[in-house]
Amino acid sequence: MLATALSRRAAVATNANTLRSLSTWANVVAGPPDPILGVTEAFKADQDPRKVNLGVGAYRDGNGKPYVLPSVKKVGQDSPYTPDKEYLPITGLAEFTKRAALLAYGAESAPLKEGAISITQSISGTGALRIGGEFLARHYPHSKTIYLPVPSWGNHTPIFADSGLEVRGYRYFDKKTVGLDFEGLKADLRAAPEQSIVLLHACAHNPTGIDPTQAQWAEISDIVKERKLFPFFDMAYQGFASGDTARDAFALRHFVSEGHQVALAQSFAKNMGLYGERVGAFSLVTADPAEKARVDSQLKIVIRPMYSNPPVHGALIANTILGDKALYAQWEGEVKGMADRIISMREKLYNALTHDLKTPGEWGHIKSQIGMFSFTGLTPDHTKILAQKAHVYMTSNGRISMAGLNDSNVDYFAESVDAAVKGNL
């Protein structure tokens, strides 16, 4: 009887193996895990009450909880509209895109006043980048190569590669100073072939948190003009970086004022907390309204087979906030409050490491960096032992989300970092 049972099991296993070998998808190999998703999964599995997740790229309030902006809640409670469930046009909600362009380019923008900005709603910033990549691959006549800062947001490379562009890099981060490699950046942009595409983080560079100064932006603009490069701005954090929407748009507005024809990807995930609503916009500065109309038509051709048209709900929320003076003022205060809380965490972490704990190393970059993320300078060995011994989770390159720190855990994090750096953890 035992022999019979074993024989049946062997037959079942053989049949399963045979079926797998005959499957259409038998040769599909497992892809590498997403590094940030892996951090979150490890954090969730950890049962230690002290655990800290600094990998998530979403804002958390002072209690470590997701934050719905009061202005967003108010739109839901006092909404003047009762939206139907009809499709939006291919390029989205026209009122929203008009107001998104005004937020980004500013009321004094000459192309905006002249009706020369082609804009479409997108599926958040990721969708805007993909639309831009596809459009440039088809219609930018001079180059199919895009230069990204090293490092850049992890999704930039696959987005542009899948769009049909060749992806190269230019120096940005200086590991020795944990700051901007400005000389390397300038040298690499000058060495890039004329009329190449260059991606620029408008503010709150992800993942380093290191931004050029306004004077440095002016130099970068001059080099881009000299080399006839095409600037593509990714602006995912307007208002969220410094707390001032105009200040965070300085680079974009300066380039436009200097006569650059730019591309722009916008996201409302961070600055309005509309993560799951997927609200964004992609725009291009054109020469005149007639050229804008032709570009509009080609953007529709890119978008139609991609996802046909964008979702409506989040665009209605963002449009209501941008279009109502009282709500807009409230939102500006709320986004400044988010930025200020992150800035305060930078101050507390810096003071703890530098003054209280006397942690070896230079930690000034914690304060000088801006936005949600910080490149701490911690090594992969540090991050590994912090996860194993202190239950503190971050990506292996030492990037942390400052939004994951609060008054309840910042001291514990600082003490853990201090112990890891001193080899006492």
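Predicted model: local features only at pLDDT ≥ 70, side-chain atom pairs only at ≥ 80, totals over all residues.
**Entry 1: a pair in helix α4**

I began with Glu95, which is partly exposed at a relative accessible area of 47%. Residues are numbered from 1 along each chain as its sequence is written, and side-chain values use heavy atoms, without hydrogens and water.

Which residue does the side chain of Glu95 meet in a salt bridge? I found Arg99, with 3.8 Å from N to O. A salt bridge here is a side-chain nitrogen of Lys or Arg within 4 Å of a carboxyl oxygen of Asp or Glu. Arg99 is partly exposed too, at 25%. Glu95 and Arg99 are about one helical turn apart because they sit four residues apart in helix α4, residues 94-105. Helices (H or I, at least four residues) and strands (E, at least two) are DSSP runs, numbered from the N terminus.

**Entry 2: other salt bridges**

I looked up how many salt bridges the structure holds, and the count is 14.

In helix α13 (residues 289-303), Lys292 and Asp296 lie four residues apart, about one turn of the helix. Their side chains form a salt bridge of 2.7 Å, N to O. Lys292 is partly exposed at 23% relative accessibility, whereas Asp296 is buried at 17%.

I then noted a network: salt bridges with shared partners join Glu183, Lys186 and Glu219. Is Lys186 buried or exposed? Lys186 is buried, with a relative accessible area of 9%, while Glu183 is exposed at 55%.

I looked for Ser242 and found it in the loop between β8 (230-235) and α10 (245-248). Ser242 is buried, at 13% relative accessible area. Its side chain makes a polar contact of 2.7 Å with the side chain of Asp248. The Ser242 side chain also reaches the backbone nitrogen of Asp244, at 3.1 Å. A polar contact is a pair of N or O atoms within 3.5 Å; within protein, one must be able to donate a hydrogen and the other to accept it, and residues adjacent in sequence count only if both atoms are side-chain atoms.

Contact in these notes means heavy atoms within 4.5 Å. Leaving out residues up to four places away in sequence, Ser242 touches Arg247, Asp248, Ala339 and Ile370.

I followed Ala339 next, which lies in helix α15 (residues 325-356). Ala339 is buried, with 1% relative accessibility. Apart from its neighbours within four places in sequence, Ala339 is in contact with Gly239, Phe240, Ala241, Ser242 and Gly243. Ala339 and Ala241 are 98 residues apart in sequence, yet their C-alpha atoms are 6.0 Å apart in space.

**Entry 3: nonpolar cores**

In soluble globular proteins, nonpolar side chains tend to be buried together. A nonpolar core is a set of buried Ala, Val, Leu, Ile, Met, Phe, Trp, Tyr and Cys residues joined through side-chain atoms within 4.5 Å.

Which residues touch the most other members of the largest nonpolar core? They are Tyr105, Phe233 and Leu349, in a core of 93 residues. Helix α15 gives the most to this core, with ten residues. A second, separate core has 23 residues, including Ile146, Phe230, Ala263 and Val295. I also listed contacts of Phe233 beyond four places in sequence; among them are Leu200, Trp217, Phe255 and Leu264.

**Entry 4: the whole protein**

I recorded 18 helices and 13 strands. Of the 425 residues, 51% count as buried. Among contacts between residues at least 6 apart in sequence, 75% join residues at least 24 apart.

Along the principal axes, the C-alpha atoms fill a box of roughly 85 × 65 × 55 Å.

Technical notes. Buried < 20%, exposed > 50% of the residue type's maximum accessible area, 1.4 Å probe, protein only.
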